[in-house]
There are 2 protein chains.
Amino acid sequence: MIHALVLAGGSGKRFWPLSRRATPKQLLAIAGEKPMIAETVERLRGLVPPSRVHVLTNKATVSAIRKALPGVPAAQVVGEPDGRDTTAAIGLGAVLVSKRDPDAVMVVLPADHVIRPAAAFRRSLSAAAAAARRDGGLYVFGVKPTGPATGYGYILRGGKVADSKGVPVHRVERFVEKPDLETARKYVADGRFLWNAGIFCWRAKDILAAIARERPAIGRSLERIRKGGASALAREFPRIEKVSIDYAVMEKAADVRVIEAAWAWDDVGSWASVGPYLPRDGAGNAVRGDVLAVETTDCTVLSDGHLVAAVGVTGLVIVRTKDATLVCRRDRAQDVKKLVDLLEAQKRARLL
Amino acid sequence: MIHALVLAGGSGKRFWPLSRRATPKQLLAIAGEKPMIAETVERLRGLVPPSRVHVLTNKATVSAIRKALPGVPAAQVVGEPDGRDTTAAIGLGAVLVSKRDPDAVMVVLPADHVIRPAAAFRRSLSAAAAAARRDGGLYVFGVKPTGPATGYGYILRGGKVADSKGVPVHRVERFVEKPDLETARKYVADGRFLWNAGIFCWRAKDILAAIARERPAIGRSLERIRKGGASALAREFPRIEKVSIDYAVMEKAADVRVIEAAWAWDDVGSWASVGPYLPRDGAGNAVRGDVLAVETTDCTVLSDGHLVAAVGVTGLVIVRTKDATLVCRRDRAQDVKKLVDLLEAQKRARLL
């Protein structure tokens with residue numbers, strides 16, 4: 001049986017003012033009709049039913065996520081006592097899954113990425129699951145770069161080690177951290193480097209064993225959580241070392257394999273990336289809501305209510321919500337996080 | 001006795017979304033604490049009391065202007081049946097003033113300009129009024145150009161013809177229409193060209209005689225209005241030729257004189273001009289209301305309510321009101337009018 005672990009711990013700073021602590025990106029319909037997390041779960045339909053979907057999120061969003069995922073049993077939407085990065089989250093997910101089915105294969109999915117078409121994605125997951133069930137090992141999905149991105153880690157694809165359901169499975173030569181632009185250009189030119197999309201597949205017991213091997217202290221914490229109940233979770237989880245699964249395990253483990261994506265992937269990392277998912281006006285601006293753009297090009301404008309009028313501007317993101325408005329140069333969209341940090345420092349809780 | 005005629009017929013398109021038909025620029029506190037028209041009347045204090053101030057405006061704003069000018073008798077705030085340009089408005093004002101005092105001197109003032117300091121302005125007006133009472137003639141005020149503006153008409157100052165209360169009075173060589181940039185540069189370099197600020201002074205009977213001489217048909221209409229009552233006004237006024245006082249009279253009359261302004265003048269023609277009257281943030285942005293500007297320079301940001309956050313932008317005007325938001329390149333602020341024309345064409349009455 002394949003289980004899915006959806007990681008939904010995002011704090012929603014980058015899509016302010018639409019995203020807030022209580023409604024981070026994964027709960028917004030940024031790239032479609034439904035909240036991103038609902039599309040993530042829907043994408044699995046036919047491979048993993050909602051009854052085998054587990055969600056890890058922060059406590060502030062548990063009830064909103066339960067509402068957004070009516071098919072997922074409420075008990076399987078778990079609020080982490082504390083954000084402890086992906087090794088802790090994936091370890092906890094693997095504990096939950098393996099308690100239910102000791103031989104379970106699990107896929108790990110970020111809650112807020114866009115992946116199309118879903119059928120091709122399911123074929124990749126299915127191939128990885130079959131290989132994991134048969135051969136063991138840790139499987140990661142690599143995306144052919146469309147440009148020299150500096151915001152992702154890269155995977156150097158090695159030789160082919162198997163075919164699973166007609167999908168080639170490659171050895172991983174090595175993982176590399178987010179590169180600078182020059183290095184990223186080399187990676188793209190090389191042709192063997194893939195973006196690490198943060199999507200994984202393995203048997204729950206294999207990833208638990210790998211964590212225990214590479215990070216014994218985390219392994220012991222997870223074992224105590226497995227044996228204990230809610231109180232053990234509350235006690236142990238916040239003590240777990242904060243470290244990413246890439247750094248703690250994937251870069252070190254010997255049995256890591258990569259499947260190259262035969263689907264389009266977009267992590268929609270900031271307002272700069274949402275344009276393709278919005279309607280276009282006559283001048284090619286991406287607009288949603290009551291927007292009037294006059295001699296305006298290359299802008300992304302969202303209004304959830306009243307008229308937003310743009311005159312003679314270019315390359316901007318404009319987002320108007322009921323209680324705040326953002327005007328940002330699109331190539332500075334990463335800095336919206338800084339703005340939210342500033343609002344936090346100013347203790348403007350109503351806007352967070 | 002000096003009377004003042006305040007021309008307040010502006011339709012308020014250029015300061016949208018703050019200005020609307022019912023609250024055009026002259027009713028906004030754009031450059032100070034009070035509505036611009038209240039500051040215009042206040043500026044006369046000591047020279048012309050509110051009891052001798054007359055206001056011509058459009059019907060939609062009569063009651064708001066009466067509220068904004070509690071010292072001005074309500075009957076002296078008159079709604080024009082129809083906007084007929086400055087010859088009709090000034091002629092009507094001169095009729096109203098001369099009925100009360102056949103020998104009255106009147107000053108004509110736009111309702112929505114910034115003039116500082118007020119004392120220097122009153123000295124100029126007082127000098128012009130004394131000259132008009134003594135010698136007759138039509139007096140206009142010229143502003144030393146601070147740059148090659150193409151949005152104003154210019155006055156070529158001729159030789160000095162008199163001193164009035166220590167203020168030099170010059171002949172007007174000629175009026176010139178709004179020039180192109182090259183011509184404007186020549187005017188500035190020449191040194192004798194002044195901006196026509198649209199501020200005048202004369203005896204009411206002299207301007208009526210000049211209108212009757214240069215535009216006999218308008219003169220006859222005004223005479224019928226003088227003899228008739230409200231019904232004559234309603235009947236005659238909309239038929240008056242739409243023509244500016246500059247074009248119909250000033251450019252043709254022989255007895256026109258100019259007094260050079262010893263005060264700073266600003267017609268605050270668009271959002272691009274309001275910066276100097278707003279508070280500054282640390283980065284030199286002009287801001288009013290709840291504004292957070294991060295790595296943002298050279299912007300004018302107003303919010304009448306919720307937070308407006310700007311990130312990484314420069315040279316923008318951002319104005320947020322309760323029912324609309326504007327984002328405009330500052331050097332395109334003139335085009336806000338186009339936007340409002342578009343809203344009119346779309347019949348979005350609630351936003352006009």
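Two residues are in contact if their C-beta atoms, placed from the backbone, lie within 7 Å. In this predicted model, 27 residues of chain A are in contact with 28 residues of chain B. Chain A can be laid on chain B with an RMSD of 0.0 Å, and chain A is divided into domain 1 (2–266) and domain 2 (271–351). The points below treat the pairing of the chains, the domains, the packing of selected helices, and some details of the backbone.

**Relation of the two chains**

- Two copies of a chain are related by a rotation about an axis and a shift along it.
- Here the superposition of chain A on chain B takes a turn of 180 degrees and a shift of 0.0 Å along the axis. That is the relation of a two-fold axis.
- Among the residues of chain A, A:V327 comes closest to the rotation axis, with its C-alpha at 4.1 Å.

**Interface between chain A and chain B**

- The contact between the chains involves 27 residues of chain A and 28 residues of chain B.
- On the side of chain A that touches chain B, at least two residues each are supplied by the strands β13 (291–294), β15 (307–311), β16 (316–320) and β17 (324–329) and by the helix α10 (336–345).
- β17(A) gives the largest share of this side, six residues.
- By class, the side of chain A that touches chain B comprises 18 nonpolar, three polar and six charged residues.
- The copies meet through the same surface, because 100% of the interface residues of chain A are also interface residues in chain B.

**Domains of chain A**

- Domain 1 of chain A covers 2–266 and domain 2 of chain A covers 271–351.
- The centres of domain 1 of chain A and domain 2 of chain A, taken over C-alpha atoms, are separated by 30 Å.
- Between these domains, 10 residues of domain 1 of chain A are in contact with 13 residues of domain 2 of chain A.
- The side of domain 1 of chain A that touches domain 2 of chain A has six nonpolar residues, one polar residue and three charged residues.

**Helix α3 against helix α6 in chain B**

- Two packed helices are described by the angle between their axes and the distance between the axes.
- For helix α3 (residues 85–100) of chain B and helix α6 (residues 204–214) of chain B, the angle is about 140 degrees and the axes are 9 Å apart. That makes α3(B) oblique to α6(B).
- α3(B) and α6(B) form a left-handed crossing.
- From α3(B), the residues B:T87, B:I90, B:G91, B:A94, B:V97 and B:S98 meet B:A204, B:K205, B:I207, B:L208 and B:I211 of α6(B).
- Seven nonpolar, three polar and one charged residues make up this contact of α3(B) with α6(B).

**Helix α3 against helix α7 in chain B**

- α3(B) also packs with helix α7 (residues 216–227) of chain B, at an angle of about 40 degrees and with the axes 10 Å apart.
- The crossing of α3(B) and α7(B) is right-handed.
- α3(B) contributes B:T87, B:A88, B:G91, B:L92, B:V95 and B:K99 to the contact, and α7(B) contributes B:I218, B:L222, B:I225 and B:R226.
- The contact of α3(B) with α7(B) contains six nonpolar, two polar and two charged residues.
- B:T87 and B:G91 take part in the contact with α6(B) and in the contact with α7(B).

**Helix α6 against helix α7 in chain A**

- In chain A, helix α6 (residues 204–214) and helix α7 (residues 216–227) pack at an angle of about 130 degrees, and their axes are 5 Å apart.
- α6(A) and α7(A) are therefore oblique to each other.
- The residues A:L208, A:I211 and A:A212 of α6(A) meet A:P216, A:I218, A:G219 and A:L222 of α7(A).
- By class, this contact of α6(A) with α7(A) has six nonpolar residues, one polar residue and no charged residues.

**Backbone details**

- The peptide bond from B:W16 to B:P17 is cis, with omega near 5 degrees. B:P17 is placed in the loop between β1 (2–8) and α1 (36–42) of chain B.
- B:R116 and B:P117 are also joined by a cis peptide bond, for which omega is about -5 degrees. The position of B:P117 is in the loop between β5 (114–116) and α4 (118–135) of chain B.
- A:D298 is not a glycine, yet has a positive phi of about 60 degrees. A:D298 lies in the loop between β13 and β14 (300–303) of chain A.

Technical notes:
Residues numbered from 1 in each chain as written. Chains lettered and ligands numbered in written order. Predicted model: local features only at pLDDT ≥ 70, side-chain atom pairs only at ≥ 80, totals over all residues. Least-squares fit on C-alpha atoms with pLDDT ≥ 70 in both. Domains from an automatic or database assignment. Nonpolar A, V, L, I, M, F, W, Y, C, P; charged D, E, K, R; others polar. Axes fitted to C-alpha atoms, helices over the stretch in contact; angles between N-to-C directions. Helix = DSSP H or I, 4+ residues; strand = E, 2+ residues; numbered from the N terminus. Parallel < 35°, antiparallel > 145°, perpendicular 65-115°, else oblique. Left-handed = near helix turned anticlockwise from the far one by under 90°.
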